Amino acid sequence: MADLGSVVVPATIFFILIFGFLRKVPVFDVFVSGAREGAVSCFDILPSLVGLILAVNMLSASGALDLVSSFLRPAALALGLPPEVMPLALMRPVSGSGSNALLLQLFRDYGPDSFVGRVASVMNGSTETTFYAIAVYFGAVGIKKTRHTIPAALTADLVGYIASVWAVRLLFL
Amino acid sequence: MMNYIWAGMILFSCICALLTGRLPELSDAVLSGAASAVQLVIVLLGMMCVWTGLMKIADAGGLTKLLSRMFYPVMRLLFPKYPKDSAAMRAICMNITANLLGLGNAATPLGIAAMKEMSRISKRPAEADNNMVMFVVINTASIQLVPTFMGTLRAQYGSAQPFDIVPAVWLASIVALGLGILAAKLLERRDDRLG
């Protein structure tokens with residue numbers, strides 16, 4: 001099962017190529033023209049990524065995460081979240097590598113099969129790096145007014161965290 | 001809104017660093033933040049080329065059309081603006097497929113391609129329309145069928161059954177995604193009323 005990840009990518013590429021070949025697509029020529037478009041749009045997202053990653057790195061270096069986590073401890077308890085996962089919940093929407101580092105720390109401290117380890121796994125698995133996606137997708141097309149994107153996406157994250165605790169309790173306790 | 005959040009993150013960091021005496025670490029973070037963004041884009045550059053190239057093959061062969069027909073009954077409700085078989089709808093469906101398969105590296109380039117299609121036919125280029133917001137909200141939720149990366153991490157740290165969390169992940173994902181879509185729909189109506 002753990003090897004599944006290494007099967008999906010080659011299988012997808014194989015399938016796309018076979019399909020294109022059977023439909024008589026000049027596969028290499030088409031690939032190159034598509035890759036050129038990809039290269040161009042990649043540079044469009046650089047400025048917004050620099051801004052976002054700068055802010056995330058400053059947040060984690062300043063100790064702000066721990067400060068906010070301890071401040072939000074009563075709120076975590078009220079929502080039924082174990083306080084240990086609070087830094088992860090705050091980091092998850094802004095940084096994938098940052099939240100993975102916090103997740104592994106929780107695995108080391110509590111073990112992946114503990115209640116905290118399971119809640120952290122489900123939280124990380126059922127949400128995405130919200131601000132990264134917003135910065136990349138809107139940055140790529142130069143959108144400045146994001147309208148109701150952030151409130152709706154953060155609602156999904158918060159609900160995801162609460163549902164994670166609820167799902168672990170339901171299925172494991 | 002991004003303006004306030006971004007400024008808030010940075011200003012708050014400066015104040016926290018001052019209070020906790022971590023100003024040296026903070027100035028290091030400014031340098032490393034800029035550098036790691038560029039590194040990330042270089043990694044992404046390769047992935048963008050590979051997956052937009054493959055997407056173009058899938059598009060030319062009619063594979064994206066097949067996929068978008070398969071997903072159309074659901075997508076029609078979420079993205080009412082784009083007709084069946086339109087370029088935007090095909091790109092959206094490729095992105096959703098990559099997300100379902102857990103191809104994170106492919107989902108981002110395909111999602112950017114979809115955003116480009118959507119913005120091409122948008123009347124106000126600097127403003128997200130309801131369909132774009134819905135698309136980004138779905139992409140900020142996780143809809144991966146098998147969370148392989150999570151399973152691998154759990155296995156590395158000695159989990160007895162690394163994949164026993166999968167049903168719980170599905171439950172939490174469905175609830176989060178459903179509420180995210182609902183929130184987007186509710187807020188979108190309010191925006192319309194305000195004009």
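How many aromatic pairs does a search of the whole structure find over all chains? The search finds four. This is a predicted model. Ring pairs link Tyr137(A), Phe79(B) and Phe135(B) into a cluster.

**Aromatic cluster**

- Tyr137(A) and Phe135(B) form a tilted pair, because their ring planes stand at 55° with the centres 5.8 Å apart.
- This pair joins two chains, because Tyr137(A) lies in helix α9 (residues 130-140) of chain A and Phe135(B) in helix α6 (residues 130-140) of chain B.
- Tyr137(A) has 4% relative accessibility, so it counts as buried.
- Phe135(B) is buried too, with a relative accessible area of 0%.
- Phe135(B) also pairs with Phe79(B); the ring centres are 6.4 Å apart and the planes are at 55°, so this pair is tilted.
- Phe79(B) sits in the loop between α3 (63-78) and α4 (87-101) of chain B, while Phe135(B) is in helix α6 of chain B, so the pair ties together parts that are 56 residues apart in sequence.
- Phe79(B) and Phe135(B) are both buried.

**Helices α3 and α9 of chain A**

- Two packed helices are described by the angle between their axes and the distance between the axes.
- Helix α3 (residues 46-61) of chain A packs on α9(A) at an angle of about 160°, and the axes are 8 Å apart.
- That angle is over 145 degrees, so α3(A) is roughly antiparallel to α9(A).
- The crossing of α3(A) past α9(A) is right-handed.
- From α3(A), Ser48(A), Leu49(A) and Leu52(A) take part in the contact.
- They meet Phe131(A), Tyr132(A), Ala135(A), Val136(A) and Gly139(A) of α9(A).

**Helices α8 and α10 of chain A**

- Helix α8 (residues 115-126) and helix α10 (residues 149-172) of chain A pack at about 130°, with axes 9 Å apart.
- At that angle, α8(A) is oblique to α10(A).
- α8(A) and α10(A) make a right-handed crossing.
- On the α8(A) side, the contact is made by Phe115(A), Arg118(A), Val119(A), Val122(A), Met123(A) and Ser126(A).
- On the α10(A) side, the residues are Gly160(A), Tyr161(A), Ser164(A), Val165(A), Val168(A), Arg169(A) and Phe172(A).
- Arg118(A) lies over the face of Phe172(A), 3.9 Å from the ring centre.

**Ser121(A)**

- Ser121(A) is in helix α8 of chain A.
- Its relative accessible area is 0%, so Ser121(A) is buried.
- Not counting residues up to four places away in sequence, Ser121(A) touches Leu103(A) and Phe107(A) in chain A.
- From chain B, Ser121(A) touches Met150(B), Arg154(B) and Ile165(B).

**Helix α7 of chain B**

- In helix α7 (residues 148-156) of chain B, the buried residues are Thr148(B), Met150(B), Gly151(B), Leu153(B) and Arg154(B).
- Among them, Met150(B) and Arg154(B) are contacts of Ser121(A).
- Gly158(B) follows α7(B) and has a positive phi, near 80°.

**Glu127(B)**

- Glu127(B) lies in the loop between α5 (104-120) and α6 of chain B.
- With 18% relative accessibility, Glu127(B) counts as buried.
- Leaving aside neighbours within four places in sequence, Glu127(B) contacts Ile143(A), Lys145(A) and Arg147(A) in chain A.
- In chain B, Glu127(B) contacts Ser122(B) and Met132(B).

Notes:
Residues numbered from 1 in each chain as written. Chains lettered and ligands numbered in written order. Predicted model: local features only at pLDDT ≥ 70, side-chain atom pairs only at ≥ 80, totals over all residues. Heavy atoms only, no water. Phe/Tyr/Trp six-rings, centres within 6.5 Å; stacked < 30°, edge-to-face > 60°. Helix = DSSP H or I, 4+ residues; strand = E, 2+ residues; numbered from the N terminus. Buried < 20%, exposed > 50% of the residue type's maximum accessible area, 1.4 Å probe, protein only. Lys NZ or Arg CZ within 6 Å of the ring centre and 35° of its normal. Axes fitted to C-alpha atoms, helices over the stretch in contact; angles between N-to-C directions. Parallel < 35°, antiparallel > 145°, perpendicular 65-115°, else oblique. Left-handed = near helix turned anticlockwise from the far one by under 90°. Contact = heavy atoms within 4.5 Å.
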